[in-house]
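This report covers helix packing, sheet pairing and salt bridges. Please keep the structure open while reading.

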Amino acid sequence: MTRPSVRLVLVFAAVRMAAQTTRSVENVFQPASTPAHQIFDLSILVLAICAAIFLVVGGLLTYTLIRFRRRASGDGHEPAQVYGSSQIEIAWTVIPILIVLVLTMATARVISAVQNRVAPADAVQVTVVGHQWWWEFRYPGFGIVTANELHVPLSTAAQPKLTFLKLQSADVAHSFWVPRLAGKTDLIPGRTNEMWMEPKQQGTFLGNCAEYCGTQHANMLLRVIVQSPEQFDQWVAQQKTAGATEAAVQSGRALFLSLSCINCHTVSGTAAVGTFGPDLSHLMSRDSLGAGVIPNSPSNLRSWIQDPQVSKPGNLMPNMQLNDKELDQVVAYLASLR
Ligand code: CUA
């Protein structure tokens with residue numbers, strides 16, 4: 001095997017590996033939901049038309065370059081020039097108009113099919129609120145609220161089930177994009193946009209914020225979990241039983257606001273407005289504690305509060321001397337700040 005062919009094989013292997021690793025992740029070429037399918041079909045049509053134009057133009061150009069090249073045996077004169085051919089002029093006017101017409105009509109058809117879809121009575125309704133830098137998901141029909149992980153039911157021919165999203169923003173512009181399920185739609189402050197999906201495949205589909213929204217835009221990730229109708233109903237029921245921990249969160253909130261924590265930290269919407277330490281309003285949306293010292297989890301949060309000096313000696317957060325019960329309450333509250 002010669003060296004260039006070795007290199008070629010390596011390039012092919014790399015491309016194949018990249019294609020495989022992105023298979024189940026974010027790939028507009030593997031739609032798994034109705035609007036994504038329609039968009040995919042349209043983009044293939046546009047790609048095919050553009051490829052045909054490229055081949056015709058590129059082919060004619062190549063033919064002309066070779067056919068009319070300067071030859072050693074030539075007399076040095078240019079070939080015959082054609083002026084004022086109405087046939088050619090009509091052709092290069094009409095053909096592009098027809099192509100643009102086809103592209104326009106095909107695009108308008110898909111846009112209207114996606115935008116004008118009316119929500120059936122049994123559709124799952126979700127209000128999505130974009131925050132810096134996380135997602136809030138409200139299900140008004142079920143009375144549940146969650147964050148960053150959207151659960152939706154599978155749609156089958158026997159049991160069609162659509163999910164309609166109302167998109168809003170709490171601060172700046174964001175954009176909701178899960179490539180395998182639907183096209184992206186912006187979340188604009190002071191406005192409600194809408195989109196829908198009809199997932200035909202179970203599993204977890206990844207997406208992200210697709211509109212630059214600040215420092216942690218790149219970490220404003222989201223996942224959509226498509227479940228069978230039975231699993232989805234179970235999830236809804238489980239989300240509704242959060243009442244047991246709710247009491248702990250409430251007492252933790254009261255305890256937190258009674259401590260001197262609030263002199264240094266802010267939790268938006270509460271009396272905690274300190275600016276000396278990090279803002280805790282969306283503490284659990286962060287991956288790490290102590291500026292990257294330990295991963296963020298309730299147990300790590302608990303040991304951090306128990307004695308911040310163990311994980312990061314010399315930092316300015318004091319040991320609050322909380323007992324075990326108080327620690328549980330404060331952690332329960334802080335762990336709810338997403
Ligand atoms: Cu939210 Cu970018």
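## Salt bridges

A salt bridge here is a side-chain nitrogen of Lys or Arg within 4 Å of a carboxyl oxygen of Asp or Glu. The model is predicted. By this rule it has four salt bridges.

Arg-302 and Asp-324 meet in one of them, at 3.6 Å from N to O. Arg-302 lies in helix H7 (residues 298-306) and Asp-324 in helix H9 (residues 324-334), so the pair ties together parts 22 residues apart in sequence. Arg-302 is partly exposed at 22% relative accessibility. Asp-324 is also partly exposed, at 48%. A network of salt bridges links Arg-302, Asp-324 and Asp-328.

## Two further pairs

Lys-166 pairs with Glu-194, with the closest N and O atoms 3.5 Å apart. Lys-166 sits in strand S5 (residues 163-169) and Glu-194 in strand S8 (residues 193-197), so this bridge joins parts 28 residues apart in sequence. Lys-166 is partly exposed at 33%, whereas Glu-194 is exposed at 53%.

Arg-138 bridges to Glu-136 at 2.5 Å. Arg-138 is partly exposed at 37%; Glu-136 is buried at 10%.

## Helix packing

Helices H2 (residues 34-67) and H3 (residues 86-115) pack at about 175 degrees, with axes 10 Å apart. They are therefore roughly antiparallel. Contact residues include Leu-42, Ile-49 and Ile-53 of H2 and Leu-103, Ala-106 and Val-110 of H3. The contact holds 14 nonpolar residues, two polar and no charged.

## Sheet

Five strands form an open, mixed sheet in the order S4-S10-S9-S6-S7. S4 (149-153) and S7 (185-187) are the edge strands. The twist averages 25 degrees from one strand to the next.

S4 and S10 (residues 221-227) run parallel, joined by five bridges. Glu-149 stands opposite Arg-223 in S10.

Notes
Residues are numbered from 1 along each chain as its sequence is written. This is a predicted model: local features need pLDDT of at least 70, side-chain atom pairs count only at pLDDT 80 or more; totals for chains, interfaces and linings use all residues. Side-chain values use heavy atoms; hydrogens and water are left out. Axes are lines fitted to C-alpha atoms, for helices over the stretch in contact, and angles run from 0 to 180 degrees between N-to-C directions. Helices (H or I, at least four residues) and strands (E, at least two) are DSSP runs, numbered from the N terminus. Angles under 35 degrees count as roughly parallel, over 145 as roughly antiparallel, 65 to 115 as roughly perpendicular and the rest as oblique. Contact means heavy atoms within 4.5 Å. Ala, Val, Leu, Ile, Met, Phe, Trp, Tyr, Cys and Pro count as nonpolar, Asp, Glu, Lys and Arg as charged, and the others, Gly among them, as polar. Two strands pair if DSSP finds at least two bridges between them. Buried means under 20% relative accessible area, exposed over 50%, partly exposed in between (1.4 Å probe, protein chains only).
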